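Take a look at the model below.

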Amino acid sequence: MIEDMIETMDAGQLSSWYDGHCDRLVLYARNWLPKESAQDVVQGAFVRLMTQKATPDDVPAWLFRTVRNGAITRLRRRASRSRRHAGLSAGQLPWFESRPDDLIDARTAQEVLLTLPPEQREVVLLRIWGQLSLKQIGEIVGSPLTTVHSRYKAALAAIRERMEQSCRTPMD
Amino acid sequence: MQNTDGLTPMDRELEAALGGLRIAPAAISRDGVIFDAGRASARRRSRLWQGSSCILALLLLASVVWRPTPTAPQRPAETVAQHPVDISPAALSAASTQAIDSEQVRAFRRYLRMRQAVLERGVDALPASTEIPGGIDPPLTRESLDELLSST
């Protein structure tokens, strides 16, 4: 049964997609959801990928788009029960692992990212950790390239400004 | 990285610093994903079978319950002529020649002529009886019966 599903795609390729994108996809989904739900959405995306009759042309972009749709759908369901999207940062599990050789403090980076407008944060997540081109990002979020580019630049400027502020006045 | 035109060196430094952060690992096992994919596939297949079985059962039920009632042979509706119909021999002949073949037409004409003659002159107008082609079997006698029995 599993062999039937995987026969359309190379097993090694599937492993590389999984190993290369799983964590990035979970991080992207955490733009909207807590970790547990984000993992469920990513798992669902991989299941959908494996049960596709034909392998998508651009698998990374397909995975990010599927995760985005799944996360937003789940967020809407959650929002109908508890409207506290703005307070998502409270009690968030860390997005990044802290390491001593990091140029930026992981916790500070997460807090700064969470202060960004959601559409800017999404572009930054897709660009830096999703490693997608701005064109791919535009296709995923359904916005023109110029809009994506301006969002990205604005997000970087905002991050730099807030990081400098946090250096002056520690967020903790 | 592509399409980053317009970024300042500071932007690129910030990109690199952010990109150096290690993402917290997800707690999703590959085996779990494969298991879920197999379960989803099996569920889809079983739904396919269930659906086709339901359709077949419904068709069977429908064929048992619904029996087409035999319809009575259609007869043309009898109509009463509102106007007097011309039933003269000529009219009948003319009307019937379309549907009857030529042999029947000739026989019918003979009959009409004979009928007209009988009406005018009585039974004397009937022609003398003619011998049926092929003849009539002779009356059965005892001798001929014995002969028939002995031949069989």
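In which sense do strand 1 of chain A and strand 1 of chain B pair, parallel or antiparallel? This is a predicted model. In it, the two strands pair in the antiparallel sense, over two bridges. Strand 1 of chain A covers residues 96–97. One bridge can be named by residue: A:F96 has B:I23, in strand 1 of chain B, as its partner.

Now widen the view to the whole contact between the chains. On one side are 29 residues of chain B, and on the other are 36 residues of chain A. Which elements of chain B give two or more residues to its side? They are helix 1 (9–19), strand 1 (22–23) and helix 2 (30–65). Helix 2 of chain B gives the most, with ten residues. By residue type, the side of chain B that touches chain A holds 16 nonpolar, eight polar and five charged residues.

Next, the core. In soluble globular proteins, nonpolar side chains tend to be buried together. Here, the largest nonpolar core has 46 residues. Which of them touch the most other members? They are A:L25, A:A29, A:V42 and A:V67. Helix 3 of chain A, residues 35–50, gives the most to this core, with eight residues. Domain 1 (1–89) and domain 2 (94–172) of chain A both give residues to the core, so it lies between them.

Finish at A:L25. Leaving aside neighbours within four places in sequence, A:L25 is in contact with A:V42, A:A45, A:L63, A:F64 and A:V67. Two of these contacts, A:V42 and A:V67, are also among the core residues that touch the most other members.

Definitions and conventions:
Residues are numbered from 1 along each chain as its sequence is written. Chains are lettered from A and ligands numbered from 1 in the order in which they are written. This is a predicted model: local features need pLDDT of at least 70, side-chain atom pairs count only at pLDDT 80 or more; totals for chains, interfaces and linings use all residues. Two residues are in contact if their C-beta atoms, placed from the backbone, lie within 7 Å. Helices (H or I, at least four residues) and strands (E, at least two) are DSSP runs, numbered from the N terminus. Ala, Val, Leu, Ile, Met, Phe, Trp, Tyr, Cys and Pro count as nonpolar, Asp, Glu, Lys and Arg as charged, and the others, Gly among them, as polar. Two strands pair if DSSP finds at least two bridges between them. A nonpolar core is a set of buried Ala, Val, Leu, Ile, Met, Phe, Trp, Tyr and Cys residues joined through C-beta atoms within 7 Å. A residue is buried if 20 or more other C-beta atoms lie within 10 Å of its own, exposed if 12 or fewer, and partly exposed in between; C-beta atoms are placed from the backbone. Domain bounds come from an automatic or database domain assignment.
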